[in-house]
Amino acid sequence: IFFACSIDFAPSQQDTRTPSLPLKKTLAVLSKMRRILGVSKKPVPGPTLADTTATLEKRGETLDARIAKLDKELLGYKEQLQRTRPGPTQTRIKQKALHVLKQKKMLEGQRESLGAQQWGLEQLAFTQETTKATIDQVACMKDAAKTLRTSMKQIKLDDVEDLQDQLQDLYEDAAEIQEIVARSYGVPEDIDEADLQAELDALEGELVSSGAGSSYLDDALATPAP
């Protein structure tokens, strides 16, 4: 058994040191294919929406400048037509003005198309920003919900109910204490409020019949007690 293992182990050492003939051929083929096909390069990232929008803005500014220049030329031809009489000279001026007008119409069409493209990119950028904001908002809501669940685990409904009962008892005790403190001493307890009101009405009637009127009584009632 030991002899067989030693025989199996020897070729493995030989293979690691010196590659076999098929392996050499494979490496040679791979090297040749690498030279023919070339080494793959990392893909270059494409332009962003901001870059494309900036490029369109520059093109729009260029077109606006060219259109403004043509407008200036048309204004000059208009002034020349007003100063010249009908004839060959005026005809040549009209032809030049017509040529400039065609150029202006062509540039205005390009500017309109460019504006539509720019508007589409701006809408796409806005949608992208809105989507990103929504994703961030949802992530914040998830974190807040997780924090709220953790906080709610620290609150027991039974403890809250017990606390409310204790507070209610304290409020009732405080009201009772206030009522005890507000008691008046030296006043008979068997006085009826209805009897006091009757006496007050009778006193007011006597004052009115005597000519004193009720102003004195009203002033006395309105005057705060010391």
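Predicted model: local features only at pLDDT ≥ 70, side-chain atom pairs only at ≥ 80, totals over all residues.
Helices here are DSSP runs of H or I at least four residues long, numbered from the N terminus. Lys132 and Asp136 sit 4 residues apart in helix 4, so about one helical turn separates them. Their side chains meet in a salt bridge, with an N to O distance of 3.3 Å. On the solvent side of the story, Lys132 is exposed at 53% relative accessibility, while Asp136 is partly exposed at 37%.

Helix 4 holds another such pair: Lys104 and Glu108 also lie 4 residues apart, about one turn of the helix. They form a salt bridge whose closest N and O atoms are 3.8 Å apart, within the 4 Å cut-off that applies here. Lys104 has a relative accessibility of 17% and counts as buried, because the buried class covers values under 20%. Glu108, with a relative accessible area of 30%, is partly exposed.

Together with Asp71, they are linked in a network of salt bridges. Overall, the count of salt bridges in the model comes to 4.

## A link between helices

What joins Asp64 to Arg111? Their side chains meet in a salt bridge, at 2.9 Å from N to O. Asp64 belongs to helix 3 (residues 49–83) and Arg111 to helix 4, so this pair ties together parts that are 47 residues apart in sequence.

Are these two partners buried, exposed or partly exposed? Asp64 is partly exposed, at 36% relative accessibility. Arg111 is partly exposed as well, at 23%; that value falls between the 20% limit for buried and the 50% limit for exposed.

## A nonpolar patch on the surface

Which residues form a nonpolar patch on the surface? They are Leu148, Met152, Ile155 and Val160, and their accessible area together is about 370 Å².

You will find Ile155 in the loop between helix 4 (88–153) and helix 5 (157–181). Its relative accessible area is 47%, so Ile155 counts as partly exposed.

How values were computed. Residues numbered from 1 in each chain as written. Heavy atoms only, no water. Patch = residues over 30% accessible without salt bridge, like charges linked within 9 Å, V, L, I, M, F, W, Y side chains within 5 Å. Areas by Shrake-Rupley, 256 points an atom, 1.4 Å probe, with all protein chains shown as cover. Helix = DSSP H or I, 4+ residues; strand = E, 2+ residues; numbered from the N terminus. Buried < 20%, exposed > 50% of the residue type's maximum accessible area, 1.4 Å probe, protein only.
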